[in-house]
Amino acid sequence: MFSIFKQEARGLATSPASSSTQDLGTNCGEGLDSESSEKTDKEPVDFYGLGDPAAEFSQMSPYLSSRGSIIKCFRDAAEEGYKAYHLDEYDEDKNPNGIINFGTSENKLCFDLLSSRLNQRDMHHIEPPMLQYPDWKGHMWLRDEVAKFLSYYCKAPVPLKPENVVVVNGCASLFSALATVLCDPGEAFLIPSPYYGAITQHVYLYGNVRLVYAHLDSRVTGMDCRPFQLTVKKLEIALLGAKSEGINVKGLILINPQNPLGDIYSQERLQEYLEFAKRHELHVIMDEVYMLSVFDESAVFQSVLGMDRLPDPQRTHVIWGTSKDFGISGFRFGTLYTENQDVANAVASLGCLHGICGTVQYQVAQLLRDRDWINQVYLSENHARLRAAYAYITEELETLNIPFLRTKAGFFVWIDLRKYLCSDTFEEEFSLWRRFLHHKVLLSCGKAFECKEPGWFRLVFSDKIHRLRLGMQRIQEVLEKEPQGAKTLSPCQSLEKSSQSR
Amino acid sequence: MEERFLHLEERRVQLEQRRLELEREHEFRMFGVFAQMLSILKEGSGAAPGPAAPMPWQGLGLAPDYPRGARMPQGPEQMSGVFSELSDPGTKHLQGSAYLSNRGNDIKFKRGVTEEYIEAYFADKYDEDENPNGIINFGISENKLCFDLLSKRLTQSDMHHIEPPLLQYSGWRGHMFLREEMARFLTYYCKAPTPLKPENVTLFNGCISVFSGLATVLCDPGEALMIPTPFYGEISKSIYLYGNVQLVFAHLDSKITETNTRPFQLTVEKLEMALQGARSEGVRVKGLILINPQNPLGDIYSQGELLEYLEFAKRHELHIILDELYMLSVFDESATFHSVLSMDRLPDPQRTHVMWGTSKDFGVSGIRFGALYTENRDVSSAVAKLYFFHGISGITQYQMAQLLRDRDWINQVYLPTNHSRLKAAHTYITDELKTLGIPFLNRNSGLYIWIDLRRYLHMDTFEEELLLCRRFLDNKVLLSCGKGFQCFEPGWFRLVFTDKIHRLRLGMQRIRQALGQQAQELHQKLSVPRQLPEQEGRADGTEEAVFVPRQQGPMGVTKTRDLFGLHHQQTRSSAWMQKGSLEQLTPEQPGALDVLNKLADKQ
């Protein structure tokens, strides 16, 4: 096991820098050519990038096909960190020197609530149909329940229909299936970066679909009222850029609440993005997997399913699952809602490869239907715990003088460690990431989210307080050793103020 | 960028050339068929008896739909047409959706031959009380005899355990505790000479997913795996949907010859022929799929046979995928199942991949649990990357571990009861079949019986077979027809017998009724009625079913009819022929169409 880890860490060492091997600062790779913040940001090429997941592919196995070899070698930073963590997990008693996980976006605050709910008697029910081959769209009683659930929590103006629901074993499967039925091999989706990096492999591994990035950056200009602001103009530029390279873009992926930024799109913004997609006949895949994890009461989340009129309902597809909002990623439950029956049926054709255990379907249905427990027990408690953890972490960050984006949703803060990099490169970012890991705290680096500015990290705070404390200590220890100020003036100084005032 | 375009353009031209080549080859073969038809007509009564005299291309599956584009720059050069056919061109009209990609449309319309019938069943399921006139399901291979045992076991208190890791991400191959349990389970039930290793186990949500994953990492788009027919038809779909991998068929037939000592016997010679055939067409075959115990035949391969197949695969550097999904469903003590995992020495362990799941042997297809066992680290780690899409709920993993580790319950309660129930149901159905004079393969494993209804077909065509299938459905009983298993001979059906006795009784009544109608219609249609069972073929239920090849009837017509059926099959099922169809062929060969039409009239 140990040797595997070493080998994979080596693989990782080369991966983020695959296209520019760091030598002499000749940044030549696609999507990486805007590493230095001194750049003018005027050329459109700065604003978008094209993912090339096969770029790292190096060794061919005699036993595998070409794509099999690519799939085998495919890795991303998030996965590697998780593997390292898995071999040396922190445990209060058994492994107090193990790794603290601030990297994986899981809500570990509510296992007590979920365990006790899932252990209630009503969950232990079995009847023959649950043990037999299901309808590959999911059992009808579950799809009914999902439609009711989404109608309620997304505040749909009219009840959503069970026929438009397809359930599968997790949102990864939905991305894979949607990519496959909406795009032909080599075609692409547009996505604003930074974004939840696993989507890259979700659409690529089976689907062979690529991502075109609309790069957002931290600079606050007149047009942008907040760092990493998504605007239609940026989408337009990225789309145009991709088209000029001959890339066929079939859709736009939006994550709302956003991961890793934590942004919640306002209704007006949402409308603009949807109008943009309609103008270009792009499908919109709305990932709303954090919709119930808005922990600050002052924030209002607007689901696309709650809009009175969708600009292009036939091209709007919504994804939700229980992994994040109920903190049970191990459950493997995801659902698609789309009015487009062609899309629903095509995805369902792939459903035989993404089936969920019948008894698990039953449990999910029981869970979703228990409105009392969700509203009166679970959500209020979950939000209170998320708020407390968030408050603790942000205070710590302020004490450490680390800038970050304030957020009202999700399990993570997007923090700015650019001032700790000797140079604005992803190699530097990666080496800082590795120092954290060696010091037994796992974070996710910006490169894993295809962020175009090196030095940003995502810190997941949805864990018990003693772990948060220990993790923050370790972060502090690493940063204290850093040659801070190696860079004379960092742009984060201004951001620090602007973001902290938010 | 430009280079990429040039490359694409180059590929397009190559593909176009390849397509033209195939078209030419195909035309050539078509005329071969015509010529044979003509010569038979001239000769009058021919000599060779038996159905569907083997044609040079018989080893191959035909019928490409449009091959999808290759995905990698390093992709294969060949995209030749050895597609397994999933759609039913007779009833489905491809009408592309503007919202879907080409492959999205392809996937949406990819349907099994009888999928429509299965939907009909789901819409009108038989229920003793609520829907006594509903459809009896003899079509879907599920063991419904042991729900009582399983329900009871799965609701015992040890199953209701939850701890945080079960609710979190479970790594890339499933939880270690279940992989360990799986390794122990397989070691025990497959009689492995040395303990199997948990590291070699990858877990999936069902064996269909294992096929999808393996096909994707072993083959590039357009490449192929080889499989003897008839076989469980879902495999075509599972390797094609995401993987865009095709199947090359090694067709087995029912005739008994010197080398073919039992109907549908798999021999290395047939594998060799199919492989050579595929290679000569430029198809790259990367592996061989074997199902053991076989579905739908129920055959269990002897150790000697198994070794021969493995040696064959090794000789050609083929991966071998062994589907042992029914290994514990061997219900007669006289039969012994040999897992490849029990062999002392595998000819090519790095290319041998075994799969098993709980769907069949524990009758819980709704649980979605399967596993891959392979010693090859490259294969297992590549496949593990796809685990994302085939993950199993943590609590299900826990329950499966509890189930598999309960050796006492399995050995003392479950297996004996299951086997005796399987045996009783099998006996009941086979007795009924004998009474009806329906030949069948008498086997001791699986949940189904492969039955021979060829004499109930008006002509030896798959259209006729489908019509008979339709007639069963009209009589409210669902069966799977041979076409769904890519059987080469029309007229075979798979009957699933693992249900409660009252359903079996009702189902058999309905079958009898349907066959009565069919026989009556046959008599009306045929001036010379086809001979009935006494002469045409017979099943001997007491020993292995033996089929007497058909000797009766006007030979010339029989053979021509077979050829006609073959021709028909080929025309119908190939995409390039749909484009360059008969009408386009005939201007160059005036008279060909006339000949064909005359032949058709004669049927």
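Two strands are taken to pair if DSSP finds at least two bridges between them. In the predicted model described here, this criterion applies to strand S8 of chain A and strand S9 of chain A (residues 334-338), which are joined by 5 bridges and run antiparallel. Within this pairing, A:Trp320 stands opposite A:Thr335 of S9(A). S8(A) is also joined to strand S7 of chain A (residues 283-287), here through 4 bridges and with the two strands running parallel; in this pairing A:Val284 is the residue that stands opposite A:Thr316.

Strand S8(A) itself spans residues 316-321 and is mostly covered, with 6 of its 6 residues buried. In a regular strand, the side chains alternate between the two faces of the sheet. In S8(A), A:Thr316, A:Val318 and A:Trp320 point one way, whereas A:His317, A:Ile319 and A:Gly321 point the other way, and the residues of both sets are all buried.

The bond joining A:Ser193 and A:Pro194 is cis, with omega at about 0 degrees, and A:Pro194 lies in the loop that runs between strand S4 (188-193) and helix H8 (198-204) of chain A. The peptide bond from A:Asn256 to A:Pro257 is likewise cis, with omega near -5 degrees, and A:Pro257 is placed in the loop between strand S6 (249-255) and helix H10 (267-279) of chain A.

In chain B, attention turns to backbone angles in two loops. B:Asn244 is not a glycine, yet its phi is positive, at about 55 degrees; this residue is located in the loop between helix H8 (234-240) and strand S4 (246-251) of chain B, and with a relative accessible area of 5% it is buried. A positive phi of about 55 degrees is also found at B:Phe264, again although the residue is not a glycine. B:Phe264 is situated in the loop between S4 and H9 of chain B, and its relative accessibility of 1% means that it counts as buried.

Helix H9 of chain B (residues 268-280) is packed against helix H10 of chain B (residues 303-315), their axes coming within 10 Å and crossing at roughly 25 degrees. H9(B) is therefore roughly parallel to H10(B), since angles under 35 degrees are counted in this way. The crossing in which H9(B) passes H10(B) is right-handed. On the side of H9(B), the contact involves B:Val268, B:Leu271, B:Glu272 and B:Leu275, and these meet B:Glu308, B:Tyr309, B:Phe312 and B:Arg315 of H10(B). The residues of this contact divide into 5 nonpolar and 3 charged, with no polar residue among them.

Chain B also contains an open sheet of 3 strands in the order S9-S12-S11, in which the pairing is antiparallel. Strand S9 (448-452) and strand S11 (480-481) of chain B are the edge strands, each of which pairs on one side only. S11(B) is joined by 2 bridges to strand S12 of chain B (residues 492-496), and these two strands run antiparallel, with B:Cys481 standing opposite B:Phe493 of S12(B). Helix H15 of chain B (residues 462-474) packs on this sheet, where it touches S11 and S12 of chain B, and the direction of the helix makes about 30 degrees with that of S12(B).

Technical notes: Residues are numbered from 1 along each chain as its sequence is written. Chains are lettered from A and ligands numbered from 1 in the order in which they are written. This is a predicted model: local features need pLDDT of at least 70, side-chain atom pairs count only at pLDDT 80 or more; totals for chains, interfaces and linings use all residues. Side-chain values use heavy atoms; hydrogens and water are left out. Buried means under 20% relative accessible area, exposed over 50%, partly exposed in between (1.4 Å probe, protein chains only). Axes are lines fitted to C-alpha atoms, for helices over the stretch in contact, and angles run from 0 to 180 degrees between N-to-C directions. Angles under 35 degrees count as roughly parallel, over 145 as roughly antiparallel, 65 to 115 as roughly perpendicular and the rest as oblique. A crossing is left-handed if the near helix is turned anticlockwise from the far one by less than a right angle, and right-handed if clockwise. Contact means heavy atoms within 4.5 Å. Ala, Val, Leu, Ile, Met, Phe, Trp, Tyr, Cys and Pro count as nonpolar, Asp, Glu, Lys and Arg as charged, and the others, Gly among them, as polar.
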